[in-house]
Amino acid sequence: MRTHYCAKVNETHIGQEVTVAGWVASRRDHGGLIFIDLRDKDEVIQLVCDPADNAEAHKLAEDIRDQFVLIATGTMRARGEGLENPKLKTGKVEMVVDKLIIENRSKPMPFDLNDDKVNEEIKLKHRYLELRTQKSYDIFKLRSKATIAARNTLDELDFLEVETPIITKSTPEGARDYLVPSRVHNGEFYALPQSPQLFKQLLMVGGFDRYFQIAKCFRDEDLRADRQPEFTQIDVEMSFCNQEDVIQVAEKLIHNIFDKCGFNIPTKFTRMTYTDAMEKYGSDKPDMRYDLAMVDVIDIFARCDNEIFSNIAKDSKHNRIKALKVPKGDEIFSKRQMKGFEEYVRKFGASGLGYFQMKEDGLKGPLTKFFTDEDIEAIIERCELEVGDAVFFGAGDKKLVLDYMGRFRIYLAEIMNIIPDDVFEFLWVMDFPMFEVEDGKTKAMHHAFTMPALDENGDISYDDIEDLKSVAYDIVLNGTELGGGSIRIHKENLQKEIFKLMGISEEEAQEKFGFLLEAFKYGAPPHGGFALGLDRLIMLMTGADSIREVIAFPKTQKAQCLLTSAPSPVEDEQLKELSLRIRKQAPTT
């Protein structure tokens, strides 16, 4: 049907006959000459329909409208002087049309394809139309490059690509499973995998040594801008390795992906412990494109005359008093703004927010009266304050303070507009806690198959279970968790011990994970791995506002596909085959 893609046509084709095909991006009638911008997958070429050259083609062009599908044949010529378009690869040439075929007509567009402000629901309902835009094509072209680079890199490192099951057993991994009823096994269910975690560990037991997969995963959880019910991850596992081996593979993989996509990033990434990340930035995924680090001042506040602060400071294990310096903040923010910041942190449970201002004649603020001159000097030195700076204080329960001060740090960076958008800052966050306790229940911070940090005797040892560390690591990019992994447990007794600490009985462990425990009895090697969120990676690489922009056919925040109207009711006969019945929900009052 065509001899060339639009992007391949240039000055070397002047005088030659060329056939192109695509969609009408625009049509302009100049009272005799009709100009058509024809777009194919990644470029636009200008067609000229001149009645003096071909009356039939010109007559047909009079009927053409935007988004008609055309096949055009004609002779290439140079554009007139001053009429070149430097924004296009084809901007120095145009086609004088000899033959024009309307392959298909188009209804008027339901929205302007070039308008970024169109309601998202309208765009998702007609997602195939939005995919026609140059912006969408460029995103998926880059995504394809990234995926190919990942495969090639891992192949060069002797990893074997293996597909794991999509319908499998329901196992608790932190989020709700999507359940699939079985017709053959009445009353029983499969689940869609939240990750290939257990299967890739079994592949290590099977001696595959190095595995990878571009894996589809599913989680029935509440959605955000960077989450979807189904997503894709680059999944990697390797045997006879330690944490350093895994990190080296991950850094090489990420570097090669970015390099093949035209970005220059370092070959080695900064590292930080989980404890330091939380204490300095109030987040296990801190954005390192800007500073604004928190400083611990609980020991100084312990000496102050304010009873609220001094009582908080008595329990330095469970409480925190954090200072957050804003360079030149006293010059940037008014007193009214500073007081208004208290309303922001209150939304996240804070009882208040104190502040000082560094003036020419010393530290000023409503709290200074509670401190001696020596302690005022200690605050200035600890926070490294200079004239014009402002410093904010949060005090109270450790988890609460770190959370709202971490959020406040991001909020300040955004309103101060100090976050660069053309920088990639990678960070390894290491040594995660093995467990977290919520509502009296002990839960794995990563997952139950993560290797805990063992003492010199190879045993689990701790005073407070939340202080037990794990051999786990996350890779963070610009404040977004890009992926993570761990060294895995490979011994049956240790795995059983972890289950026991989590309150999982032997019977439950056997029912849900018996196949894994059985596999460990046959010589499981030491192993570990990681997974990278491909969708998140492409979102960050392209600067997209939402993960939905980088998924070809995404769901809404309510997990709906507006294009196909899924989820949708099914026929009663289908339910009957599955021995299912829909029970109507009682009306809510």
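Guide: Start with the labels. Helices (H or I, at least four residues) and strands (E, at least two) are DSSP runs, numbered from the N terminus. T153, for one, lies in helix α4. The model is predicted: local features need pLDDT of at least 70, side-chain atom pairs count only at pLDDT 80 or more, and totals for chains, interfaces and linings use all residues. Residues are numbered from 1 along each chain as its sequence is written, and side-chain values use heavy atoms, with hydrogens and water left out.

Visitor: Is T153 buried or exposed?

Guide: Buried means under 20% relative accessible area, exposed over 50%, and partly exposed in between (1.4 Å probe, protein chains only). T153 has a relative accessible area of 3%, so T153 is buried.

Visitor: Which residues does T153 touch?

Guide: Contact means heavy atoms within 4.5 Å. Leaving out residues up to four places away in sequence, T153 touches K252, L253 and N256.

Visitor: What else is buried in α4, and what covers those residues?

Guide: An α-helix has 3.6 residues a turn, so residues three or four places apart point the same way. In α4, the buried residues include I139, L142, R143, A146 and A150. Their cover includes α3 (127–130), β9, β10, α6 (243–260) and α16 (534–542). After α4 comes D158, with a positive phi near 70°.

Visitor: Now the strands. In what order do they form the sheet?

Guide: Strands of a sheet pair through backbone hydrogen bonds, either parallel or antiparallel. Here, two strands pair if DSSP finds at least two bridges between them. Eight strands form an open sheet, in the order β6-β9-β10-β22-β21-β20-β17-β11, with mixed pairing. β6 (160–161) and β11 (270–273) are the edge strands, each pairing on one side only. Look at β9 (residues 210–218) and β10 (residues 230–239): they pair in the antiparallel sense over nine bridges. R210 stands opposite M238 in β10.

Visitor: Which helices have axes that cross at roughly 130°?

Guide: Axes are lines fitted to C-alpha atoms, for helices over the stretch in contact, and angles run from 0 to 180 degrees between N-to-C directions. Helix α11 (residues 335–346) and helix α13 (residues 398–416) cross at roughly 130°, their axes coming within 10 Å. From α11, the contact uses F341, Y344 and V345. From α13, the residues include Y404, R407 and F408.

Visitor: And which strands does α5 lie across?

Guide: Helix α5 (residues 197–205) lies across β9, β10 and β22 (527–533). α5 runs at about 25° to β10.
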